[in-house]
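Dear colleague,

Please find below the structure that I am handing over to you. My notes on it follow directly after.

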Amino acid sequence: MKSFRDKRRDGRPHPARAEQPRSRDSLPAGRQQAAPAERRETKPGDRQEAKPAPRVLARREGALPAERLPLILEVAPNADYALLDSGAGEKLEQYGPYRIVRPEGQAIWQRALPAKEWERADAIFTGDTDEEGIGRWRFPKAPLGETWPMKHDGIDYLGRFTSFRHVGVFPEQASHWDHMAALIAAAKRPVKVLNLFGYTGLASLVAARAGAEVTHVDASKKAIGWARENQEMAGLADKPIRWIVEDAVKFAEREERRGSRYDIVLFDPPAYGRGPKGEVWQLFEDLPGLTDLCRSILTPKPLAVVLTAYSIRASFFAIHALMRDTFAGMGGTVESGELIIREKSAGRALSTSLFSRWVA
């Protein structure tokens with residue numbers, strides 16, 4: 001399915017959009033996700049592929065994995081990114097050289113910084129405040145280009161002003177990236193990573209730099225094109241990354257049939273979305289089957305499976321229970337909680353998404 005991060009912040013079924021780089025950012029869930037780039041409205045007359053029969057699920061036998069919860073994974077301000085302040089339904093962020101103001105529905109408190117600090121913004125997103133709404137960027141000081149150079153932990157990539165308020169990176173995911181890189185390094189053997197709903201590729205670049213062979217899947221051609229640009233910009237063109245434009249569920253089903261297996265699987269699905277051929281994704285209906293698929297395509301000695309969920313009206317306990325049931329009999333631990341970004345001004349925590357990960 002496409003990465004519709006824009007939609008992730010809200011569980012309501014909205015009309016889906018097509019071909020846009022996924023927007024995983026915003027919230028905290030961002031958090032996947034509807035897609036951030038420019039998708040076209042799906043017209044009622046557009047052709048839709050019939051939805052395949054649902055995967056037949058049965059409860060797994062065996063002891064449930066150990067559990068660790070709640071686990072709050074925090075991203076603190078750094079030289080590359082900082083949440084400078086938030087409140088009154090907006091957030092003020094520093095992305096490299098630019099100060100950016102965007103809507104943030106969860107910031108229901110009052111701003112800590114004075115108005116003059118917010119007025120120093122280089123870019124302000126205006127327009128529809130719904131996570132899915134198309135808007136535009138206003139540049140109070142001087143017109144800025146569509147893209148600008150950014151870094152994450154020494155990895156160069158491109159930030160981009162999209163019409164869906166997102167800028168191509170979801171900083172709260174850095175905790176997962178660091179954890180994954182440590183697992184790859186500690187394995188001291190070849191590691192295969194599958195990144196479903198991969199968006200603009202930072203997780204894939206982190207995994208490849210750590211030494212893994214990566215398969216990156218996203219249904220948006222624009223997102224894949226952007227991810228390839230990021231690979232070149234990061235100087236990682238020689239790293240083994242397969243970039244695949246495909247519906248995530250269909251790709252995972254095909255990998256299961258042909259016996260392809262992975263040591264780490266990342267999946268960051270939207271609350272609602274459509275694939276490239278009209279496939280419809282509904283998180284609560286389809287997540288159990290995809291989670292089961294992710295287990296089925298693991299190697300005999302897997303390392304981890306990481307699920308992030310944005311914009312859903314549920315507790316992390318729901319996806320925690322799903323992950324423990326799915327990985328029954330495999331040992332390991334399921335860790336679940338929230339991803340947060342720590343604010344620089346007053347030290348408040350902005351929650352961006354729910355997550356659950358099984359670690360062998």
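Which residues does Ile-100 touch, not counting residues up to four places away in sequence? In this predicted model, the contacts of Ile-100 are Lys-91, Leu-92, Glu-93, Tyr-95, Ala-123, Trp-137, Trp-148, Phe-161 and Val-167. Ile-100 belongs to the largest nonpolar core, which has 45 residues; together with Val-193 and Ile-264, Ile-100 touches the most other members. Another core lies apart from it and comprises 32 residues, including Val-217, Phe-267, Leu-290 and Cys-294.

The strands include an open sheet of eight, with mixed pairing and the order β3-β18-β19-β17-β14-β11-β12-β13. Its edges are formed by β3 (66–75) and β13 (241–245), each of which pairs on one side only. On average, neighbouring strands of this sheet are turned by 15 degrees against each other, direction ignored. Within the sheet, β18 (residues 333–342) and β19 (residues 349–359) are paired in the antiparallel sense over 10 bridges, and Glu-338 stands opposite Leu-354 in β19. Helix α3 (residues 174–187) packs on the sheet and touches β3, β11, β14, β17, β18 and β19. The direction of α3 makes about 120 degrees with that of β3.

Turning to the helix pair, α6 (residues 248–258) packs with α7 (residues 283–296) at an angle of about 35 degrees, the axes being 10 Å apart. The crossing of α6 past α7 is left-handed. On the α6 side the contact is made by Val-249, Ala-252, Glu-253 and Glu-256, and on the α7 side by Leu-290, Leu-293 and Ser-296. By class, four of these residues are nonpolar, one is polar and two are charged.

With kind regards

Methods:
Residues are numbered from 1 along each chain as its sequence is written. This is a predicted model: local features need pLDDT of at least 70, side-chain atom pairs count only at pLDDT 80 or more; totals for chains, interfaces and linings use all residues. Side-chain values use heavy atoms; hydrogens and water are left out. Axes are lines fitted to C-alpha atoms, for helices over the stretch in contact, and angles run from 0 to 180 degrees between N-to-C directions. Helices (H or I, at least four residues) and strands (E, at least two) are DSSP runs, numbered from the N terminus. A crossing is left-handed if the near helix is turned anticlockwise from the far one by less than a right angle, and right-handed if clockwise. Contact means heavy atoms within 4.5 Å. Ala, Val, Leu, Ile, Met, Phe, Trp, Tyr, Cys and Pro count as nonpolar, Asp, Glu, Lys and Arg as charged, and the others, Gly among them, as polar. A nonpolar core is a set of buried Ala, Val, Leu, Ile, Met, Phe, Trp, Tyr and Cys residues joined through side-chain atoms within 4.5 Å. Buried means under 20% relative accessible area, exposed over 50%, partly exposed in between (1.4 Å probe, protein chains only). Two strands pair if DSSP finds at least two bridges between them.
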